[in-house]
Amino acid sequence: MEQLVVRPGLRGLTGRFKGGGLRAAALVVIALLVLAAVLAPLMAPADPDAVDLSAALAGPGGDHLLGADASGRDLLSRVIYGARTGLLGPLGVVALSTVLGVAVGLSAAWHGGWVDAALSRSMELVFAFPGLLLAILVVAMYGPGQLGPVITLAVAYTPFVGRLVRGVARGEMGRPYIAAYRALGFGGLTICLRHLLPNIAPVILAQSTINFGYALLDLAGLAFLGLGVQPPTADWGAMINEGQSAVLQGALGPILVPGLAIVLSVIAFNIVGESLADHVSRR
Amino acid sequence: MARFLLRRLAGMAAILGAASFLVFGALQLAPGDPATFLLSGRSATPEALAAIRAQYRLDDPVPVQYLHWIGGVITGDFGRSVQFRTDVGGLIAARVPVTLTLIGMAFVLTMVLGLAFGVWSATRPGVVDKAVLVGSSVAVATPSFVLGFVLIVVFSVNLGWFPSIGAGDGLADRLHHLTLPAVALALTFAGVLARVSRTAMIEQLGQEYVVVARGRGVPEPTIVRRHVLRGAMTVTLTYGGLLVPGLLVSTVLVETTFGVNGLGQLLQYSVTVKDFPVVQALTLLTVAVFVLANLVVDLLAPLADARVRLGART
Amino acid sequence: MLEIDDLSVRLPRTARPAIDRMSLTVAENETVGLVGESGSGKSLTARAVLGLLPEGTRAEGAIRMDGADVLSMSPASLRRHRTHAAAMIYQDPRAAISPFRRIGDFLAEILREEIGARAARARAVELLGMVGLPEPERHVRQHPHELSGGMLQRVVIAAALAGEPRLLLADEPTTALDVTTQAEIMRLLRDLRARTRTGMLFITHDLELAATICDRVYVMYAGRVMETGPTRRLFAGPRHPYTAGLLAATPRVTHLGTLPPPIPGRPPDLLSAPPGCPFTPRCPDATDSCTAAAPLLVDGVACVKAER
């Protein structure tokens, strides 16, 4: 049955290396997450913010498939809506840090000399600030929210991309085709963007996919601390923040449901990132 | 040796100096007038504002303010907490023992679990290897606070084996209180380390000297213990040492989860109540720990592997 | 003492056996050369004698050491075989010695269990003296990276002698060394043989080198023995075209300024299985009958032409 559905191109993609099945599963999880985020109003069985105190801390089953939180809000609906901030935040971090990292890494590799030295030292400095700490510092300055931490984490993640890009680009620049384009009179920016970047893009993509998982964890941590997305927004981290008061009564559901959503998402992005990296290193 | 130390110390000073600029500059970059910002949320009476202005020399030019501030930091004076109305240095010093114990326990757990599972996985290809890989993937992806709450419900609420909150008094009680937090803190890092040591072990197992040792009739367990493990250990120790700053930052999540009154909870609380001097001090402290961990790893590397000379790591 | 009888070894995922129906003997106090280009199966032969074949390898035939078949040994007797019956000297001493342990630990490792740590240590010092290292007491405390390549090769030889084996397998023991060190190591191997009466299988790609130390020589090509005989006879009158080609291709100082003629072409890789004699595509005397069937080793040579 599956053999009929899978097109030849796709089968080659998933079956060529070991763990192909795992990667396919991870891609399915990511697809479902994206679907949940986009179609939340259609997929959620209930209003994520509808309070129903009679259903407070209800277990799974019945009206609430995955149970309800201390205010009787439907956990399944909240976790589906939570995919929105859950994916959007990391996406912002990864997009911004990728652009910044590529810019920094390429400039360092292309110019060399003091530009390289200055950029490399700056990246070392940023490495000394763990992302979560830097985000907390920024929240202390500007107050809680999603935007500040996303931009800060993007800066904190930039060296991971930047150092990689610099290394790969320096290796790539030693190859004859770059010298050939230079000899033909192409400008540095053109060569970098049109010829160098496409050749090193797969490596960057692998690193950024892995960064996605880390960004998701950091942002969820901030929301749990009450420093990121604020309750009562249906966000996974914020849900855990709200759920902690019921823990001592032994009610784990309000934490476990968003918690598992986090774990599953991070694993999925890690698997895809690692298999991309695998694929790149095998070339 | 001396030249290496000097170079490293200069590098450390440079990073710490740059970090102090950033941390100090954060006050200038924060929205609004620094004095009002420092007092935000509290009664900004003219007297209080004047006191803050005097304390931070806010009427002086910014470079003078910095020199005044950094001079204090170097002598251990991080200013006064706006919330607690006491010395920031004292607030931090009172909480160091708890957090240090927590990090110490978590570090030992991380190293032991990481190395054990890494070695186990590398020497048993097949089912064991697969299981460890899957397990470490889950460990890396599990937030410490989610695991923390699961541990609380299972081991405190249901089984009653461990307390769910607080740091305890006296050594035995403290270790008892901090066991669950340490496990929650360590798991992610142990997952990372298991992968690192697995890769290092597999790399060593593929070396020619392993085949040679087999060919000399050295028993397989001896080869693994005396040679392969020794080689992999270097990588694991280096990586493990570099995880310490990460452990420190993650205490903010774990201490909040378990209500442990340490540096992490102080950081979370200070941000919530906008106690900026405390946040500044804790940020700088973490950067200092990062720099120090790097230095210690560099200094210890030659002990683990005689081929490594000081300063060889790039 | 060592008797390889009709040995075939097939590595996983290859088209032809890496060792193809090989027979070879080494007697006590005899030095036997195994000569061929890289990839001809020489090193694999030595590893097979130690029972060190890679996983997934299929081996047929027999390797008998004093009558006991190595291929069917129990793990315990295989370990005894590796410590006390046969020991190998490796090509690259720097890769062969674990870099994390001291030289003394490396030498004593296989002895500690049997004679105790203290005696094993003393023996390590004694062994280093035997192979001509100047300061044995100091060297046992040093790490491998503190010694030169030539000194390390002496350590590897000392390690091979540790269990007083009856057979030494020397796998290109001088290839990674410079010329003067090479001469010292060769001298050491000859002296040791005179003193200890061990048999030796000397593996090399260098015919001249083999001639300086070996009593008999086997010439190997693509996993098969092409020709064998006493060194003097083999060099004076090679009967197989491959042996003749190898001898002609060796540079000599007496012919200053002239490059020796190379053998055209390359040896076949393990992924192709050419029919008949594997040397046919490179052979100057090949005829149609050469591709029909691989000639067997008859009277010391495996060539259709020589049989006539």
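Student: In this predicted model, how does Arg197(C) count, as buried or exposed?
Tutor: The count of C-beta neighbours inside 10 Å decides the matter, and Arg197(C) has 12 or fewer of them, namely 11. Arg197(C) lies in the loop between helix H9 (179-196) and strand S8 (199-204) of chain C. With that number of neighbours, Arg197(C) counts as exposed.

Student: Where does Asp66(C) lie, and how does it count, as buried or exposed?
Tutor: Asp66(C) also has a positive phi, of about 50°, although it is not a glycine. Its place is in the loop between S4 and S5 of chain C. Because 12 C-beta neighbours lie inside 10 Å, Asp66(C) counts as exposed.

Student: Which residue is the bridge partner of Arg64(C) in S5(C)?
Tutor: Strand S4 (residues 58-65) of chain C and S5(C) run antiparallel and are joined by two bridges. In S5(C), the residue that partners Arg64(C) is Asp69(C).

Student: Which strands are the edge strands of the open sheet of four strands in chain C?
Tutor: The order of this sheet is S2-S1-S4-S5 (chain C), with antiparallel pairing. An edge strand pairs on one side only, and this holds for two strands of chain C, strand S2 (19-26) and strand S5 (68-69).

Student: What angle does the direction of helix H1 (residues 42-49) of chain C make with that of S1(C)?
Tutor: Helix H1 of chain C packs on the sheet. It touches strand S1 (2-10), S2 and S4 of chain C. Its direction and that of S1(C) make an angle of about 115°.

Student: Which element gives the most to the largest nonpolar core?
Tutor: The largest nonpolar core has 250 residues, and among those with the most contacts inside it are Ile136(A) and Leu169(C). The element that contributes the most, with 17 residues, is H10(A).

Student: Which residues does Leu169(C) touch, not counting residues up to four places away in sequence?
Tutor: Leu169(C) is one of the residues with the most contacts inside the largest nonpolar core. Leaving out residues up to four places away in sequence, Leu169(C) touches Ala46(C), Val49(C), Ala86(C), Met88(C), Ile89(C) and Leu201(C).

Student: How many helices are there in chain A?
Tutor: Chain A has 283 residues, of which 46% are buried. Its C-alpha atoms fill a box of roughly 75 × 55 × 25 Å along the principal axes. There are zero strands in chain A, and the number of helices is twelve.

Student: How far apart are the end C-alpha atoms of residues 250-273 of chain A?
Tutor: The unreviewed UniProt entry places the feature "transmembrane region" at several spans of chain A, including residues 209-229 and 250-273. The span 209-229 is 76% helix, and its end C-alpha atoms lie 22 Å apart. The span 250-273 is 88% helix and 0% strand, with its end C-alpha atoms separated by 36 Å.

Student: What kind of peptide bond runs from Pro231(A) to Pro232(A)?
Tutor: Pro232(A) is found in the loop between H10 and helix H11 (236-243) of chain A. The omega of the bond from Pro231(A) to Pro232(A) is near 5°, and the bond is cis.

Student: Which pair of chains has the most contacts?
Tutor: Chain A and chain C do not touch, and their nearest C-alpha atoms are 18 Å apart. Two pairs of chains do touch, and the most contacts are between chains A and B.

Student: Which helix gives the most to the side of chain A that touches chain B?
Tutor: The contact takes 33 residues from chain A and 40 residues from chain B. With eight residues, the helix that gives the most to the side of chain A is H7(A).

Terms used: Residues are numbered from 1 along each chain as its sequence is written. Chains are lettered from A and ligands numbered from 1 in the order in which they are written. This is a predicted model: local features need pLDDT of at least 70, side-chain atom pairs count only at pLDDT 80 or more; totals for chains, interfaces and linings use all residues. Two residues are in contact if their C-beta atoms, placed from the backbone, lie within 7 Å. Two strands pair if DSSP finds at least two bridges between them. Axes are lines fitted to C-alpha atoms, for helices over the stretch in contact, and angles run from 0 to 180 degrees between N-to-C directions. UniProt positions are given in the numbering used here, feature names are shortened, and annotations may be inferred rather than shown by experiment. A nonpolar core is a set of buried Ala, Val, Leu, Ile, Met, Phe, Trp, Tyr and Cys residues joined through C-beta atoms within 7 Å. A residue is buried if 20 or more other C-beta atoms lie within 10 Å of its own, exposed if 12 or fewer, and partly exposed in between; C-beta atoms are placed from the backbone.
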